Amino acid sequence: MPQQKDIVKIAIQMPGAYPQLIRLDQKKPLSAVIKEVCDGWNLPGHENYALQYADGVQTYITESNRLDIKNGCILRLTKAPGRCAEDLFKGIQSMDLGVRCDSLKQLACVSTDVTFAQEFISRDGHLLLVKIVEDSSESALIMTHTLTAFMELMDHGIVSWENLSSIFIEKIACFVNAKVGDASIQQVCLDILESMVLSSHSLFLQVKQVVTMERLIAHLQMTNQQIQTKAMALLMALLQTAGDADRQEMFAYLNKKNLRQYIYKNIIHSSGSVQDEMAHYLYVLQSVTLNHLEPRMRTPLDCYSQEQRDILHGLRQAAFETESENSLSHERRRSLCAKEFKKLGFSNNSNPGQDLVRTPPGLLALDTMFYFAARNPDAYSRFVLENSSREDKHECPFARSSIQLTLILCEILRIGEAPSETGSDYHPIFFSQDRLLEELFCVCIQLLNKTWKEMRATQEDFDKVMQVVREQITRTLSTKPTSLELFKNKVNALNYSEILKLRQTERLHQEETLAPPVLELKERLKPELLELIRQQRLNRLCQGTMFRKISSRRRQDKLWYCRLSPNHKMLHYGDLEEDSDTPPIETLQEKIPVADIKNLLVGKECPHMKENKGKQNKEVLDLAFSITYDVEEYSLNFIAPSRTDFCLWTDGLSVLLGREMSSESMRSELDILLSMEIKLRLLDLENIPIPENAPVVPKPPSNYNFCYDFSQTEQ
């Protein structure tokens with residue numbers, strides 16, 4: 001007699017018949033279950049049938065996924081994947097146009113299922129689709145179904161993109177390059193080309209040769225938003241996969257065509273809102289474009305480079321009107337240069353190139369200084385001369401400030417960081433401004449001088465000033481200014497006094513000035529509240545979380561679920577469908593005893609981060625954690641859906657391992673709980689000063705009749 005947990009109550013449908021309500025025994029072979037269902041309808045040849053979900057994603061039921069079936073599920077008896085694949089394979093080759101079209105349409109739908117895809121590909125069905133595309137003799141509708149089915153089949157990763165012929169690639173490119181073409185065909189062709197480019201560098205080179213940048217830009221200028229999005233995806237894939245030389249060539253063409261300005265005016269500005277997918281591509285465009293500055297940021301100044309030495313001396317000569325240096329002796333000229341480099345704000349005035357050896361910002365700092373001096377000569381001269389003539393120790397060093405400011409801007413703009421697979425935080429100002437870093441520098445270096453004077457800073461206050469400037473820039477960019485002029489007005493309005501007011505307001509919300517007795521109360525309350533947070537973390541682990549298996553492509557990432565058993569002794573996990581609800585714990589096939597967990601790893605220490613070293617960006621690293629078990633030979637690897645889930649899981653796992661919780665979420669929650677509890681306890685003491693010393697103990701009362709009699713039992 002099977003246990004109750006192995007029995008699932010389901011309904012099975014078939015067109016033209018009454019549904020069957022059955023008790024599915026999960027321990028019985030699937031073929032035996034299908035035979036019983038077929039016998040119930042008097043259907044011969046049960047091996048030609050299979051079960052699949054009737055609602056949502058109509059996935060075939062297999063031995064590997066049958067445990068996902070829940071009570072109340074509605075399944076459908078249908079053709080077996082092999083039989084369906086064989087029928088569609090023949091239907092595609094039919095001489096009847098209607099049969100051929102219907103077969104391809106159905107193929108495009110069922111190809112999303114990996115079980116069917118394996119059967120169809122095993123019959124070389126994908127090669128049949130390739131031949132249809134290469135011949136290009138079918139109608140637009142048939143071609144759309146063919147390309148859609150092909151894309152769905154290739155998405156499973158069963159067949160390598162490398163096996164495609166150059167003729168097929170050229171045909172796909174022809175559809176994309178056509179000035180007048182079917183929109184549905186062009187959408188799926190753009191999608192196919194993106195997948196090719198992301199799969200290998202050799203395919204990138206082929207696609208780059210057959211698809212012109214001119215046609216991609218033309219697609220971006222279409223009113224069809226789906227075409228725009230797909231064209232943007234392909235453009236981003238090309239930029240990300242390209243080598244330095246190819247990327248620079250593409251950048252030059254895009255800048256020549258004012259692509260960024262066009263995107264801002266016609267896609268962002270006019271629509272008022274951007275789809276999440278387009279927002280991601282805009283973020284990638286910003287990231288990839290700014291990252292072309294990374295080589296300069298990573299390259300230190302070469303003191304033996306005559307060109308770089310000339311730029312340094314050009315900065316000095318632009319700032320100071322000096323007598324002809326040619327008429328001076330070598331020693332006199334050397335002494336004069338050292339004196340002027342010191343006024344310019346270099347730490348090593350005899351060899352100023354040493355200040356630019358640190359990377360980052362490397363040569364990028366020299367570029368920004370030279371750009372400011374050439375673009376704003378009056379402002380540059382005023383900055384240097386104003387500070388070099390001061391004798392009150394309040395001079396602001398131009399060179400030192402510029403180097404640090406360049407580094408700050410690189411960090412804020414995330415120059416050198418690979419774009420995240422899910423990021424969408426772009427700066428609208430990027431799309432209206434060429435040479436964004438240099439133009440921001442010109443505004444911010446003058447802001448820095450202004451802030452320096454407002455703070456009455458000295459050299460000892462350098463780091464404090466830079467922190468304030470960083471905050472001014474960050475707060476202003478967070479308001480999403482759409483032009484450099486708007487950024488300039490906002491950042492200059494956010495002066496030092498405004499920063500202090502904002503800090504004070506935020507501090508009042510986050511901190512309280514606590515007297516010693518309240519601090520003592522806080523320490524007494526902390527263990528109780530920490531235990532409350534521990535229990536909440538364990539309860540959250542018992543509820544479980546859905547995780548994604550991050551793949552090399554953004555499309556159709558696989559899902560899996562993990563949860564802690566109610567008795568806190570087992571971690572249960574298993575694969576999950578896209579739209580599934582929280583799965584019952586018994587449906588998760590895999591499990592790990594908590595007692596076998598040896599260690600908790602986070603970030604770069606995780607095995608799945610070490611395996612992909614150099615490919616993971618900071619956002620993914622911040623969400624990665626792993627547990628090791630069985631004497632640390634095996635690991636279960638996670639990438640949390642959000643930073644909140646990361647904190648919940650790492651805290652909960654730390655509790656299971658008997659360790660202290662350490663996440664920023666725990667600290668924040670503890671502060672909130674402590675603040676609330678203390679306010680409740682001290683409610684009657686509001687606005688009453690708490691004395692530093694304990695008050696005098698009064699004399700005892702004459703009687704104690706007011707005391708509560710604890711001898712009586714409460715009912």
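Helices here are DSSP runs of H or I with at least four residues, and strands are DSSP runs of E with at least two, each numbered from the N terminus. On that basis, the chain of this predicted model contains 29 helices and 11 strands. Of its 715 residues, 46% count as buried. Among contacts with a separation of 6 or more, 66% join residues 24 or more positions apart.

**The mixed sheet, β1 to β4**

- Four strands make up an open sheet with mixed pairing, in the order β2-β1-β4-β3.
- Its edges are formed by β2 (20-25) and β3 (49-53), each of which pairs on one side only.
- From one strand to the next, the twist of this sheet averages 40°.
- Within the sheet, β1 (residues 7-13) and β4 (residues 74-79) are paired in the parallel sense, over 3 bridges.
- Opposite Arg76 in β4 stands Gln13.
- Helix α1 (residues 30-40) lies across β1, β2, β3 and β4, and runs at about 160° to β2.
- Helix α2 also packs on this sheet, where it touches β3 and β4. The direction of α2 makes about 50° with that of β4.

**The antiparallel sheet, β5 to β8**

- A further open sheet of 4 strands has antiparallel pairing and the order β5-β6-β7-β8.
- Here the edge strands are β5 (545-549) and β8 (590-593), and each pairs on one side only.
- The twist of this sheet averages 25° from one strand to the next.
- Strand β7 (residues 570-576) pairs with β8 in the antiparallel sense over 4 bridges; Tyr573 stands opposite Glu590 in β8.
- Helix α25 (residues 516-543) packs on the sheet and touches β5 and β6 (558-564). Its direction makes about 135° with that of β6.

**Helix α4 and its surroundings**

- Helix α4 spans residues 114-122, and its buried residues are Thr115, Phe116, Ala117, Phe120 and Ile121.
- These buried residues pack against four helices, namely α2 (81-92), α3 (97-110), α5 (125-135) and α6 (140-154).
- At the start of α4, the backbone nitrogen of Thr115 has a side-chain oxygen of Asp113 within 2.9 Å.
- Asp124 follows α4 and has a positive phi, near 60°.

**The helix pair α20 and α22**

- Helices α20 (residues 398-412) and α22 (residues 462-477) pack with their axes 11 Å apart, at an angle of about 35°.
- Their crossing is right-handed.
- On the α20 side, the residues that meet α22 are Arg400, Ser401, Gln404, Leu405, Ile408, Leu409, Glu411 and Ile412.
- On the α22 side, the partners are Phe462, Met466, Val469, Arg470, Ile473, Thr474 and Leu477.
- Sorted by class, this contact of α20 with α22 comprises 9 nonpolar, 3 polar and 3 charged residues.

**Ile429, a buried loop residue**

- Ile429 is located in the loop between α20 and α21 (436-455).
- Ile429 has a relative accessible area of 1% and therefore counts as buried, since the cut-off for burial is under 20%.
- Beyond its neighbours within four places in sequence, Ile429 is in contact with Leu436, Leu440, Leu477, Pro481, Thr482, Ser483, Leu484 and Phe487. One of these, Leu477, also belongs to the contact of α22 with α20.
- Between the C-alpha atoms of Ile429 and Lys480 the separation is 7.3 Å, although the two are 51 residues apart along the chain.

**His219, a buried helix residue**

- Helix α10 (residues 213-220) includes His219.
- His219 is classed as buried because its relative accessibility is 0%.
- A polar atom of the His219 side chain lies 2.8 Å from the backbone oxygen of Val176.
- With neighbours within four places in sequence left aside, the contacts of His219 are Val176, Gln186, Ile227, Gln228 and Ala231.

Technical notes
Residues are numbered from 1 along each chain as its sequence is written. This is a predicted model: local features need pLDDT of at least 70, side-chain atom pairs count only at pLDDT 80 or more; totals for chains, interfaces and linings use all residues. Side-chain values use heavy atoms; hydrogens and water are left out. Buried means under 20% relative accessible area, exposed over 50%, partly exposed in between (1.4 Å probe, protein chains only). Contact means heavy atoms within 4.5 Å. A polar contact is a pair of N or O atoms within 3.5 Å; within protein, one must be able to donate a hydrogen and the other to accept it, and residues adjacent in sequence count only if both atoms are side-chain atoms. Axes are lines fitted to C-alpha atoms, for helices over the stretch in contact, and angles run from 0 to 180 degrees between N-to-C directions. A crossing is left-handed if the near helix is turned anticlockwise from the far one by less than a right angle, and right-handed if clockwise. Ala, Val, Leu, Ile, Met, Phe, Trp, Tyr, Cys and Pro count as nonpolar, Asp, Glu, Lys and Arg as charged, and the others, Gly among them, as polar. Two strands pair if DSSP finds at least two bridges between them.
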